[in-house]
Amino acid sequence: MTLADQKIKVLGAGIGGLAAATALARAGADVTILEQADKISEVGAGLQISPNGAVVLQSLGLGDAIRKKGFRAEGVQLRDFRAGKLVFELDLTRQDTPQNYYFLHRADLVKMLAESARDAGVKIRLLQCVTEVSFTEKGRARLQTAQGATTKSDILIGADGVNSPTRIALNGVSQPFFTRQVAWRAVVPALGNEPAVATVYMGPGRHLVCYPLRGGSMINIVAVEERRDWAAEGWNHPDEPANLRAAFAEFCPEVQALLERVETLHLWGLFRHRVAPKWFKNHTAILGDAAHPTLPFMAQGASMALEDAWTLADSLQKTTEVETGLAAYQNRRHARAIRVINAASKNARNYHLRLKPLRFAAHTALRLTNHIAPDMALKKFDWLYGYDVTKSS
């Protein structure tokens with residue numbers, strides 16, 4: 001179908017919402033983003049854009065921007081928590097793909113996507129807090145704002161996160177469960193000559209990931225601990241650096257030196273949300289975390305949202321009816337989302353092995369694989385990193 005003159009509202013000016021709005025506007029749609037914040041910004045934290053996400057940014061015309069703002073990753077290293085010894089290394093420079101893997105400041109990515117959306121003609125309306133989504137008798141979406149205003153939308157895309165009112169309208173209220181894991185995140189100044197790798201320090205019941213940002217001038221830290229104490233969901237709960245240092249006190253000197261530089265810290269509880277059974281109804285659909293919230297153990301949240309955004313716009317263009325296009329979008333994305341989420345859960349278990357004999361055996365197997373068949377691990381990730389949604393049908 002042609003999207004020319006189709007009026008589309010997108011809820012949320014995050015990564016998925018901005019990317020979807022840009023793709024839809026470039027296909028001719030009249031797109032408006034409704035964002036509850038008073039400005040387009042993101043808190044200071046890093047993210048990883050793997051090749052499957054980078055191809056979408058390239059196709060949106062942001063290839064030069066990501067090469068300029070991103071820090072090209074050369075590898076991923078798994079290290080033992082106590083001695084810091086190398087257990088396994090994924091050499092990303094050996095990938096047989098034209099795209100790259102990037103470490104990127106979240107604020108930089110959101111800014112470049114917002115500029116791209118505006119250049120495509122997308123209208124971004126701030127301070128638009130949509131509290132409820134319902135449907136008219138004709139099946140169109142009706143939006144209720146916190147200010148009491150009501151508006152309707154011919155086509156609605158909910159890119160409004162884990163607490164999405166659009167998801168609730170499609171699927172009803174669901175209860176996530178606390179995984180008994182919490183995560184801290186922080187950004188600290190780098191000391192110079194930082195390796196272009198994501199380093200994972202694996203320990204009993206916890207792990208820490210760090211990688212450089214903005215040309216190596218700073219380091220992003222994400223640290224995860226298993227514990228019984230509940231923590232609220234959401235990224236912006238402040239915590240004391242001393243709590244993080246205490247949790248990782250038995251980790252190697254490299255980690256201790258890194259944590260000593262932490263001054264500002266945020267903590268959030270990790271909750272498991274099921275993949276939404278319904279991603280669309282009539283002329284309304286959801287994407288990204290609204291459809292399939294993903295735990296951070298595969299670093300795929302941003303890239304999956306970008307894949308969703310491209311597939312949604314592409315599916316609408318390839319069909320004659322909106323609802324048919326949205327059905328095709330869910331069919332193309334659902335199984336892949338589940339596979340990524342399951343792989344992330346498996347990673348969490350492997351990082352946190354508590355029994356020393358089991359951890360020794362697992363790490364020994366990884367070291368042998370690294371020595372005997374270093375390309376084997378890369379091939380195991382072909383299904384993820386080698387996937388190009390812009391060429392899929």
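Student: Which residues have the most contacts inside the largest nonpolar core, and how many residues does that core have?

Tutor: This is a predicted model, in which local features need pLDDT of at least 70, side-chain atom pairs count only at pLDDT 80 or more, and totals for chains, interfaces and linings use all residues. Residues are numbered from 1 along each chain as its sequence is written, and side-chain values use heavy atoms, with hydrogens and water left out. The largest nonpolar core has 96 residues, and those with the most contacts inside it are Leu-18, Leu-24, Val-31, Ile-49, Leu-109, Leu-113 and Ile-157. A nonpolar core here is a set of buried Ala, Val, Leu, Ile, Met, Phe, Trp, Tyr and Cys residues joined through side-chain atoms within 4.5 Å, where buried means under 20% relative accessible area, exposed over 50% and partly exposed in between (1.4 Å probe, protein chains only).

Student: Which helix gives the most to this core?

Tutor: Helix α9, residues 322–351, does so with 10 residues; helices (H or I, at least four residues) and strands (E, at least two) are DSSP runs, numbered from the N terminus.

Student: And what is Leu-24 in contact with, leaving aside neighbours within four places in sequence?

Tutor: Leu-24 is in contact with Leu-3, Ile-8, Ala-29, Val-31, Ile-157, Ala-313 and Leu-316, contact being heavy atoms within 4.5 Å. A second, separate core has 25 residues, including Trp-184, Ala-190, Cys-252 and Phe-271.

Student: Changing topic, what is the strand order in the eight-strand open sheet?

Tutor: The order is β6-β5-β14-β15-β16-β13-β18-β17, with mixed pairing, and two strands pair if DSSP finds at least two bridges between them. The edge strands are β6 and β17 (237–238), each of which pairs on one side only.

Student: Which helices pack on it, starting with what α9 touches?

Tutor: Helix α9 touches β5, β13, β14, β15 (206–213) and β18 (266–272), and its direction makes about 55° with that of β14. Helix α10, residues 356–372, also packs on the sheet, where it touches β5, β6 and β14 and makes about 40° with the direction of β6. For these angles, axes are lines fitted to C-alpha atoms, for helices over the stretch in contact, and the angles run from 0 to 180 degrees between N-to-C directions.

Student: How many residues of β5 are buried?

Tutor: Five of the six residues of β5 (75–80) are buried, which leaves the strand mostly covered.

Student: What about β13 and β16: do they pair parallel or antiparallel?

Tutor: Strands β13 (177–189) and β16 (218–226) pair in the antiparallel sense over nine bridges, and Trp-184 has Ala-223 in β16 as its bridge partner.

Student: Moving to α2, why is it described as largely enclosed?

Tutor: Seven of the nine residues of α2 (51–59) are buried, so the helix is largely enclosed by the rest of the structure. The buried residues are Pro-51, Asn-52, Gly-53, Ala-54, Val-55, Val-56 and Leu-57, and what covers them includes β3 (46–49), α3 (63–69), α4, α8 (301–317), α9 and α12 (382–385). Just after α2, Gly-61 takes a positive phi of about 85°.

Student: Is Asp-108 buried or exposed?

Tutor: Asp-108 is buried, with a relative accessible area of 11%. This residue lies in α4 (106–119) and, not counting residues up to four places away in sequence, touches Lys-69 and Arg-214.
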